[in-house]
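Have the sequence and the model open side by side. The walk below goes strand by strand, then turns to cores and a pocket.

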Amino acid sequence: MMRKVMVLTLVLLMALAGSAMAEVVWSGEFEATGSSNSFKVFQDDYELKATVTLSAKGTAKSETEIEGEEDEEPTTNLNWEFTGGINLGVDDEHKLAASLGKYQLSLYDQYFKAWVWGNGQELSDKATYFGMISAGKAAAKVRARMEVPVMDLATLTVDFDQKNSVKAFADGNIGDISLGLAFARDWNADPANNIVVGQAGYALPTGDMTVNLKGAVGVDIQKDLGLALGFGADAQVTETVKVEASVTNANDHWGGQGPVAKNTVVNGKVTYADAALQAIASAKLTVVKDGDNANEFSLSANYRMSDALAYDKLFDDKAWFTNTAPAFGATLKFANMKFGSVNVKASAPVVQDMVWLRANATFETKDKFGAGVDGYVKATDKLVLKPAASYAHEGKIIDLKLVSEYKIGLSDTLLTLTVQKVMADKDYKDSEGNNPAKELISATVKVPF
């Protein structure tokens with residue numbers, strides 16, 4: 001495996017370096033970690049690990065003269081782009097191991113575009129209405145996609161999974177009407193699946209607002225035909241209020257994506273959003289043929305005292321500590337006309353540009369509830385502290401954690417120290433059959449280059 005990866009690396013390097021007008025940038029990151037599952041650092045076992053990630057990013061461009069325009073500068077065309085990397089490390093047997101990291105190759109021609117990507121890389125989602133045929137953006141190992149414009153009438157997209165699965169989409173517009181036809185074949189299944197979906201959408205002007213209508217029909221071609229139907233509508237009623245509704249149905253023999261066989265699902269959603277408040281009410285009714293029906297209802301609200309962050313970023317792990325004012329949120333859920341859960345959360349800067357706090361609490365039943373609080377302290381331009389504490393009543397789990405990040409010198413080299421103590425009922429087992437109690441102390445250094 002090591003030899004194969006090195007050969008692929010050399011081939012890639014030669015290909016990138018040899019391309020006409022290619023611009024190639026190599027970068028990487030070295031990471032070393034020492035950790036111990038006990039606070040008795042010099043008595044119990046510890047472990048050292050080191051990994052190196054090499055990344056290449058390249059583009060190739062060409063110039064085209066503009067005919068009949070002597071004074072015009074040539075246009076620059078992007079021919080291809082590539083990003084990818086090789087991960088080098090030590091396996092459990094302390095042997096050098098190599099693997100291909102995330103990668104994506106993009107090809108651009110006058111008549112088509114094509115992509116090959118994989119190992120966790122994401123491109124973009126492609127799907128019909130109601131997800132009857134869907135090609136997700138993430139690729140586990142390898143995926144390929146080609147997009148071909150057919151004059152100004154339509155765009156044809158073909159998506160290939162790693163093995164024996166292909167999806168094709170044709171999308172076009174006739175005036176204000178959008179039309180689509182999709183086909184999916186998966187011959188990994190027995191018998192092989194052949195799904196055909198037709199769809200249409202129309203923006204219907206009604207006075208001061210526009211109602212967006214969409215509908216789709218899916219056919220599962222087999223001995224007994226499977227059939228799925230979907231219809232939806234949404235409208236921005238006012239500047240602050242949006243209404244959405246949909247209904248889907250699938251018969252006993254439907255084997256495609258999206259709607260579930262034997263189910264009829266009705267969805268409704270109302271969203272109110274202004275500069276300070278976002279409120280959402282949603283309902284879902286599932287009618288099951290020869291089965292138990294189900295219903296879900298939820299209410300959620302977010303209040304912000306600053307619009308520095310979008311509503312969906314107010315409590316996001318990567319953004320909440322950049323907010324400039326307090327924010328609050330709550331979600332209430334019901335299932336089958338009974339209480340499901342309630343969750344409340346809040347975040348706020350405590351000391352401007354220095355200290356932030358975030359808290360959350362969830363209650364489901366008298367035996368299943370919990371709460372947590374974490375902080376973000378920018379002690380200096382070089383040192384950040386991230387303390388956190390949480391409690392889960394189920395299992396009596398108490399989790400205490402402190403992460404400190406220190407920038408070495410004036411570079412982006414980061415030294416991270418983590419100390420964690422998890423306490424739990426000795427008889428408690430999680431979903432994987434393990435007791436979560438543990439101790440951890442670790443130090444990691446990351447050097448980008």
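In which sense do β16 and strand β17 pair, and over how many bridges? β16 and β17 (residues 277-288) are antiparallel, with 11 bridges. This is a predicted model, in which local features need pLDDT of at least 70 and side-chain atom pairs count only at pLDDT 80 or more, while totals for chains, interfaces and linings use all residues. Residues are numbered from 1 along each chain as its sequence is written, and side-chain values use heavy atoms, with hydrogens and water left out.

Two terms come up throughout. Strands (E, at least two residues) and helices (H or I, at least four) are DSSP runs, numbered from the N terminus. Two strands pair if DSSP finds at least two bridges between them.

Stay with β16 and β17. Three residues lie between them in a hairpin. Thr271 has Ile280 of β17 as its bridge partner. Thr271 of β16 also stands opposite Lys242. Strand β15 (residues 241-250) pairs with β16 (residues 263-273) in the antiparallel sense, over nine bridges. Val247 is bridged to Val266 in β16. Nine bridges join β14 to β15, and the two run antiparallel. Their hairpin has four residues between the strands. Ala233 stands opposite Ala245 of β15.

Strand β11 (residues 177-186) and strand β12 (residues 193-206) run antiparallel, joined by 10 bridges. A hairpin of six residues links β11 to β12. Ala182 has Val197 of β12 as its bridge partner. On to strand β13 (residues 209-220), which pairs with β12 in the antiparallel sense over 12 bridges. Here Gly198 stands opposite Val217 of β13. The β12 and β13 hairpin has two residues between the strands, and in it Gly207 takes a positive phi near 65°.

Contact means heavy atoms within 4.5 Å. Leaving aside residues up to four places away in sequence, Val197 touches Thr128, Met132, Ile133, Gly180, Leu181, Ala182, Ala216, Val217 and Gly218.

Where does Val197 sit among the nonpolar cores? Val197 is in the largest one, which has 13 residues. Met132, Ile133, Ile195, Val197 and Trp254 have the most contacts inside this core. β11 and β12 each supply at least two of its residues. A second, separate core has six residues, including Leu309, Leu314, Phe315 and Ala327. A nonpolar core is a set of buried Ala, Val, Leu, Ile, Met, Phe, Trp, Tyr and Cys residues joined through side-chain atoms within 4.5 Å. Buried means under 20% relative accessible area, with a 1.4 Å probe and protein chains only.

A pocket is an open set of points on a 1 Å grid over the protein atoms alone, where a 1.4 Å probe fits, with protein on both sides within 12 Å along at least five of seven lines; lining residues have an atom within 4 Å of a point. Among the 18 lining residues, Arg358, Asp374, Lys386, Pro387 and Ala388 are the closest to the centre. β21 (355-365), β22 (368-378), β23 (383-392) and β24 (397-407) each give two or more residues to the lining.

Notes. Buried means under 20% relative accessible area, exposed over 50%, partly exposed in between (1.4 Å probe, protein chains only).
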